[in-house]
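Subject: Structure for you to look at

Hello,

Please find the structure below. My notes on what was found follow after it.

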Amino acid sequence: MAVKLKADKRENNTKSYIRGLREEGAIPAIVYGNGKEPISVAVDSVDLLKTVRDEGKNAVISLDIKGESVDVMLHDYQTDPLKASLVHADFYVVNMSEARNVEVPIQLEGEAPGSNEGGVLQQPLYDLEISAKPNDIPDQITVDVSKLEVGDSISVGDLPTDGAYEILTDADTTIATVTAPTAEIESDDTTTGDADDVEAIEEGSKNDKEE
């Protein structure tokens, strides 16, 4: 079910007007896609951030524009690098019966037995590309690592699916693996000299050059 977000239609695009919007806690945004004429709007930046934090970046948003509800997804956004705040957003109008390609975060769960044996759990892949209808897009995809021993791994092809979405990421891509602990290299006194030997060799080399 789509979450609701209020948007005000804006006719003014001057720099002074946009600056005033941001000073009041709102940001400019554009609504477009799916054959709909682009609409310039303004949304409350705090409300938008809360929606994305609570519902995820792939949430379907019912944007209320002067009483008209438009189903959209957050397509892109821009932030102020100094203030770490939103400054602009793009909303894409979605067809609820049409599949879309999106990236969904991967969340590992469980404790890998191999980690208790000195192995290191690594996660090379953090997002999975899938194709799904807007209402079937999961907030995240959970991967159980509780059976991973040292040397074991889980690839994209190992993931079960319920048919609600299609996985587009290559099946051979590794999601999680437990690597063996790094072996310590032991010194061999019969082949490795001590510090005095090194100094002697360097001194001898120096004398040879002087001669």
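Tyr 92 is partly exposed, with a relative accessible area of 24%; buried would be under 20%, exposed over 50%, and partly exposed is in between, using a 1.4 Å probe and protein chains only. Tyr 32 is also partly exposed, at 22%.

Before the rest, some ground rules: this is a predicted model, where local features need pLDDT of at least 70, side-chain atom pairs count only at pLDDT 80 or more, and totals for chains, interfaces and linings use all residues. Residues are numbered from 1 along each chain as its sequence is written, and side-chain values use heavy atoms, leaving out hydrogens and water.

The count of aromatic pairs is one, where rings of Phe, Tyr and Trp (its six-membered ring) pair if their centres lie within 6.5 Å, with planes under 30 degrees apart stacked, over 60 edge-to-face and the rest tilted. Tyr 32 and Tyr 92 form this edge-to-face pair, 5.7 Å centre to centre with 90 degrees between the planes. Tyr 32 lies in strand S2 (residues 26-33) and Tyr 92 in strand S6 (residues 85-93), so the pair ties together parts that are 60 residues apart in sequence. Strands here are DSSP runs of E, at least two residues, numbered from the N terminus.

There is also an open sheet of four strands with mixed pairing, in the order S10-S7-S9-S12; two strands pair if DSSP finds at least two bridges between them. Its edge strands, S10 (141-144) and S12 (165-167), each pair on one side only. Strand S9 (residues 127-132) runs antiparallel to S12 and is joined to S12 by three bridges. Ile 130 has Ile 167 in S12 as its bridge partner.

Regards
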